[in-house]
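Subject: Structure handover

Hello,

Here is the structure for you to look over. Please open it alongside this note.

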Amino acid sequence: MKPNIILVGFMGTGKSSTGRIVANRLGMAFVDMDTLIEERTGMKIPDIFAQKGEPHFRQLERALTQEWAQRENTVIAPGGGIVLNPENIADFSRSGLVICLTADPDVILNRVIHDRNRPLLEETGDKAKRIRDLLETRRALYEEIPVRINTNELTAAEVAEQIIALYTAHE
Ligand code: S3P
């Protein structure tokens, strides 16, 4: 059985862009959980938050985690809030290598500033403060993941290289 690679981390840390590269390079499948939720519900993420509420979205994430943690040979990019339920990380850890991508708040802001698809960043006018506050409330959860890559100064291709090196050493 070939272990999965699960890329967790805050919004804008590059989970999807680097995950796609890694999957291509290693001949593994790739799944972006937010995209899959959108496809299955027929709704955009901001509409799910607005019409069904965040707890409903977290239930959808939880169900998908249980489903994908059963698979193998897949690079999985969950949404940034996947760490809010420790059972998600426990399930993913049993299925493969969980890697946390990190970045400083100002780097994250630059990467997400023009994107309107992240409802948690649209709640107030001050995106910079919202990012700092959310990161602060989640800091301990992200820090619990022992394998980490700081992406501040790296291109997606460089992050992918590091992920592949870690995975190869882990196998
Ligand atoms: C969220 C992150 C988003 C998406 C949703 C909630 C979060 O995914 O799942 O907007 O709680 O951090 P990305 O990390 O891919 O932006």
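Predicted model: local features only at pLDDT ≥ 70, side-chain atom pairs only at ≥ 80, totals over all residues.

Ligand site. The ligand sits in the largest pocket. Its shell holds 14 residues, and the closest are Lys15, Asp34, Arg58, Arg118 and Arg138. By class, the shell has six nonpolar, three polar and five charged residues. Helices α3 (45-52) and α4 (54-68) each supply at least two of the shell residues.

Lys15 places a polar side-chain atom 2.7 Å from a ligand oxygen. For Arg118, the distance from a polar side-chain atom to a ligand oxygen is 2.6 Å. Arg138 has a side-chain N or O atom 2.7 Å from an oxygen of the ligand. Alone, the ligand would expose 380 Å², and the protein buries 94% of that.

Largest pocket. The volume is about 510 Å³. It is lined by 27 residues, with Met11, Asp34, Gly79, Gly80 and Arg118 closest to the centre. Two or more lining residues come from each of α1 (15-26), α2 (33-41), α3 and α4. The lining divides into eight nonpolar, 10 polar and nine charged residues.

Second largest pocket. This one has a volume of about 210 Å³. Of its 13 lining residues, Thr102, Ala103, Leu135, Arg139 and Arg148 are closest to the centre. β4 (96-102) and α7 (127-143) each give two or more residues to this lining. α7 gives the most, with four. Seven of the lining residues are nonpolar, two polar and four charged.

Best wishes

How values were computed:
Residues numbered from 1 in each chain as written. Heavy atoms only, no water. Near = heavy atom within 4 Å. Polar contact = N/O pair within 3.5 Å; in protein donor to acceptor, adjacent residues only side chain to side chain. Areas by Shrake-Rupley, 256 points an atom, 1.4 Å probe, with all protein chains shown as cover. 1 Å grid on protein atoms, 1.4 Å probe; cavity = no way out; pocket = protein on both sides within 12 Å on 5 of 7 lines; lining within 4 Å. Sits in = over half its atoms within 2 Å of the grid points. Nonpolar A, V, L, I, M, F, W, Y, C, P; charged D, E, K, R; others polar. Points joined across faces, edges and corners; volume = space filled by probe spheres on them.
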